Amino acid sequence: MELTKSEMQIMDVLWAADVPLSRADLLERSSEKSWKDSSVHVLLNGLLGKGAIREAGFVKRQKTYGRTFLPTMTREEYFATTIFCHRYQPDIVGLIDCLLKREDITPEEMAQRFLDKYPGSNLVLTLGSDG
């Protein structure tokens with residue numbers, strides 16, 4: 001599943017909220033966007049069709065009820081899925097190698113985040129010089 005830039009912006013709002021949001025909630029939390037109410041409706045229907053979000057219930061707004069939505073996967077699950085949905089999938093070792101070479105996070109920080117998330121895991125990393 002690949003999402004458009006606008007769909008990703010909607011997903012970013014939903015991921016940040018961590019609670020079900022209605023179309024009105026999305027508009028309120030996206031004040032920097034110039035989305036129209038009808039545009040958000042089209043984007044939400046597209047995300048529903050792609051299986052990126054699901055209906056979570058209803059909320060009463062003034063005199064009407066509106067649907068609320070939740071993502072069907074985390075941000076990390078989405079990116080992991082998109083990497084491997086292409087015809088030419090990357091080599092997993094090469095992908096991890098590229099991640100470890102990023103300048104915005106050190107391999108030690110990456111390893112610590114992993115260990116924090118999965119305490120007691122059997123991850124063993126040898127970090128240091130290549131000599």
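1. Start with the aromatic cluster. Ring pairs join Trp15, Tyr78 and Phe79 into one cluster. The model is a predicted one. Searching the whole structure turns up two aromatic pairs. Trp15 and Tyr78 make a tilted pair, with 6.3 Å from centre to centre and 45° between the planes. This pair ties together distant parts of the chain. Trp15 sits in helix α1, and Tyr78 sits in helix α4 (residues 75-83), 63 residues apart.

2. Now the other ring pair. Tyr78 and Phe79 have ring centres 5.2 Å apart. Their planes stand at 70°, so this pair is edge-to-face.

3. How accessible are the rings of this cluster? Trp15 and Tyr78 are both buried. For Tyr78 the relative accessible area is 6%. Buried means under 20%, so Tyr78 falls in that class. Phe79 has a relative accessible area of 40% and is therefore partly exposed.

4. Next, follow helix α1 to its helix neighbour. Helix α1 covers residues 5-17, and helix α3 covers residues 37-50. Their axes come within 10 Å and cross at roughly 85°. The two helices, α1 and α3, are therefore roughly perpendicular to each other.

5. Which residues make the contact between α1 and α3? From α1 come Ser6, Glu7, Ile10 and Met11. From α3 come Val40, Leu43, Leu44, Gly46, Leu47 and Lys50. By class, the residues of this contact split into six nonpolar, two polar and two charged.

6. Glu7 deserves a look of its own. Glu7 is placed in helix α1. Is Glu7 buried or exposed? Its relative accessibility is 6%, so Glu7 counts as buried. Leaving out residues up to four places away in sequence, Glu7 touches Glu2, Leu43, Gly46, Leu47 and Lys50.

7. Three strands form an open sheet in the order β1-β3-β2, and the pairing is antiparallel. Strands β1 (21-22) and β2 (53-61) are the edges. Each of these edge strands pairs on one side only.

8. Where does β1 attach? Strand β1 pairs with strand β3 (residues 64-71) in the antiparallel sense, over two bridges. Leu21 stands opposite Phe69 in β3. Helix α1 packs on the sheet and touches β1, β2 and β3. The direction of α1 makes about 85° with that of β3.

9. Last, check Asp25. Asp25 belongs to helix α2 (residues 23-29). At 18% relative accessibility, Asp25 counts as buried, because the class takes in values under 20%. Which residues does Asp25 touch, not counting those up to four places away in sequence? They are Pro20 and Arg61. Asp25 and Leu14 are eleven residues apart along the chain, and 9.8 Å separates their C-alpha atoms.

Technical notes
Residues are numbered from 1 along each chain as its sequence is written. This is a predicted model: local features need pLDDT of at least 70, side-chain atom pairs count only at pLDDT 80 or more; totals for chains, interfaces and linings use all residues. Side-chain values use heavy atoms; hydrogens and water are left out. Axes are lines fitted to C-alpha atoms, for helices over the stretch in contact, and angles run from 0 to 180 degrees between N-to-C directions. Helices (H or I, at least four residues) and strands (E, at least two) are DSSP runs, numbered from the N terminus. Angles under 35 degrees count as roughly parallel, over 145 as roughly antiparallel, 65 to 115 as roughly perpendicular and the rest as oblique. Contact means heavy atoms within 4.5 Å. Ala, Val, Leu, Ile, Met, Phe, Trp, Tyr, Cys and Pro count as nonpolar, Asp, Glu, Lys and Arg as charged, and the others, Gly among them, as polar. Two strands pair if DSSP finds at least two bridges between them. Buried means under 20% relative accessible area, exposed over 50%, partly exposed in between (1.4 Å probe, protein chains only). Rings of Phe, Tyr and Trp (its six-membered ring) pair if their centres lie within 6.5 Å; planes under 30 degrees apart count as stacked, over 60 as edge-to-face and the rest as tilted.
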